Amino acid sequence: MNTETLWKREEQAVFALRSLYRHYGYTPYKLSRFEEYDLYVRNKDFLVSDQIITFSDGSGRLLALKPDVTLSIVKNAPDEPGVVQKVYYNENVFRDYREILQTGLECVGDLGDYEIAEVLLLAAKSLSVLGERFVLNLSHMGLLTAVLESCGLTGREKRRAMDCLRRKNIHELRNFCEGNPAAWEKLRALAQCRGGAEALAQVEKVLTTREERRALEELRWLWQLLEGSGWGKDLRLDFSVGSSLGYYSGVVFRGYLEGIPTSILSGGQYDKLAGKMGKRCRAIGFAIYLNALQDSGESALDVDTVILHDGRTDPAVLTAAAEEAARNGSVLVCTSLPKGRHGKTRIRFEKGVQVE
Amino acid sequence: MNTALNIALPKGRLGEKAYSLLKSSGFSCPALEDPGRKLIFENPEKNLRYFWVKPSDVAIYVERGAADLGIAGKDILLEYAPDVYELLDLGIGKCRMAVAGKENFREPTGQTLKVATKFPNITRNYYAEKCRDIDIIHLNGSIELAPILGLSHVIVDIVETGVTLRENKLQVLEQILPISARLIANTASYQFKEAAIGHLCRRLQEQKEGSL
């Protein structure tokens, strides 16, 4: 039997990704399934969902079934100069009362530019391992934050502007910026930016502050590096990728695979999270939602050969027939085909004789 | 890989208006104009595929990728908050989301306000901003009946011309926000069908501006 057909797509993905991350010196990180609830309450905005499953342990401590991996890794991250921890994981997390298979990596500690570039390259490579056609959208929270700041928006207005950017909603952005042409010019440039170096040049024209330019420079060299490594055709600068303002500080990105209706990879640089935990270290990582792969590729035929018999056929005859069939694929021997199962070919025995 | 653009249209008047806008922008589908019981209509020449769905379901079809694009009212987008791109305000199906109550209504400021609506999330968010304590009565239709029978103090609903309200001796008390039809896109489809979606968007925009 062809062993490849035995692996589900998400299982193949787990192995391929594990191999990729090991090649780059990342070590596996196995987490306990439980974590103190307190960790999630303190960092609620960092989580994708606020539906956390909690329970008390014997001593009355409130525990949670892990809804996220990153928080636990950062909590235990090294905080010494020159030390970088590179880990990958493959875990089930619990969100909205569903169990989600997630794999990913985190690079935390005293990071430099190389580590940021490495994680981005690994994100692109991960997507290429998962499917032929993919797109990786790249944005920068530092740039978004600096632009919102320079537009003189209040906290609530910033959230609204981020929401418009996230939805590529230029018409509401225009209404929202009425009476503030400077904000409109900048935010429109961000909303319309899509593509490569030319798109970035368009954005650069409207920037005014030093923080904005510094963030843009970071995006530029990252773009050039990825393009130079041959990923240019799969990469787009796109500022609809953004996240809650309080955690992410640098580059943020999101990956899509053709044929899968949601984004499958999501990540970014989240130094502020480490800062909130009282650490000076920097951190970048991404997660891949392998559940999304489950939807595709299950065959309608679940077995190659079905051998039906009436219960009066010699087991030795059936065994021989089953062995023969098993040589060419999977076989199911039964007296009647269970509902919902389908075979490619069918053999039938009646009173010890093959009749079909 | 399926390269056709799949477009979900909302059944009813809004969908018909949206289709005629699409048609005049060069995205016609003759099969759609033949009455019948078919559910899906294709124009292989233009690589387009249309289907009609319940208006409140358009966002779900698009969010989950069964449709690449869809036409949905802003009310539906606010109520269900789907994770989709909102690419264009089509400027059709214009109406407003409003609070309405009986003529000469005086708000019982000392009590919890009873609000009947089809849009519980929009209602909750609107009153939460005002820190007003409310009791939402979720109805599926004939919302106007609620204040008349004393089921609720006010309603939150879509008001188009205001005729139904007037005929029932109701009036708009507060406007929540203007509503119109939007072109929405599945975020993943956008990545892989960017050229086709971008082309359709530009044509619709030109058509819309031309008709103003």
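User: In which loop of chain B is B:Lys169 found?
Analyst: The model is predicted: local features need pLDDT of at least 70, side-chain atom pairs count only at pLDDT 80 or more, and totals for chains, interfaces and linings use all residues. Residues are numbered from 1 along each chain as its sequence is written, chains are lettered from A and ligands numbered from 1 in the order in which they are written, and side-chain values use heavy atoms, leaving out hydrogens and water. Helices (H or I, at least four residues) and strands (E, at least two) are DSSP runs, numbered from the N terminus. On that numbering, B:Lys169 is in the loop between helix H7 (163-167) and strand S10 (170-179) of chain B.

User: Is B:Lys169 buried or exposed?
Analyst: Buried means under 20% relative accessible area, exposed over 50%, and partly exposed in between, with a 1.4 Å probe and protein chains only. B:Lys169 has a relative accessibility of 57%, so it counts as exposed.

User: What is the phi of B:Lys169?
Analyst: Most residues other than glycine have a negative phi. B:Lys169 is not a glycine, yet its phi is positive, near 60°.

User: Which loop holds A:Asp96?
Analyst: A:Asp96 also has a positive phi, about 50°, although it is not a glycine. With a relative accessible area of 43%, A:Asp96 is partly exposed. Its place is the loop between strand S5 (84-95) and strand S6 (98-109) of chain A.

User: At roughly what angle do the axes of H5 and H8 of chain A cross?
Analyst: Axes are lines fitted to C-alpha atoms, for helices over the stretch in contact, and angles run from 0 to 180 degrees between N-to-C directions. The axes of H5 (residues 141-150) and H8 (residues 181-192) of chain A come within 9 Å, crossing at roughly 155°. Angles over 145 degrees count as roughly antiparallel (under 35 roughly parallel, 65 to 115 roughly perpendicular, the rest oblique), so H5(A) is roughly antiparallel to H8(A), at a crossing angle of roughly 155°.

User: Which residues of H8(A) meet H5(A)?
Analyst: Contact means heavy atoms within 4.5 Å. From H5(A), the residues are A:Leu143, A:Leu144, A:Val147, A:Leu148 and A:Ser150, and they meet A:Lys186, A:Leu187 and A:Leu190.

User: Which residue of chain B is in contact with A:Asp238?
Analyst: A:Asp238 is in strand S9 (residues 235-238) of chain A, and at 0% relative accessibility it is buried. Leaving aside neighbours within four places in sequence, its contacts in chain A are A:Asn137, A:Leu138, A:Ser139, A:Lys168, A:Cys193 and A:Arg194, and its contact in chain B is B:Tyr85.

User: How far apart in space are B:Gly26 and B:Leu204, C-alpha to C-alpha?
Analyst: B:Gly26 lies in the loop between helix H1 (13-24) and helix H2 (30-33) of chain B, and its 33% relative accessibility makes it partly exposed. In sequence, B:Gly26 and B:Leu204 are 178 residues apart, while in space their C-alpha atoms are separated by 8.9 Å.
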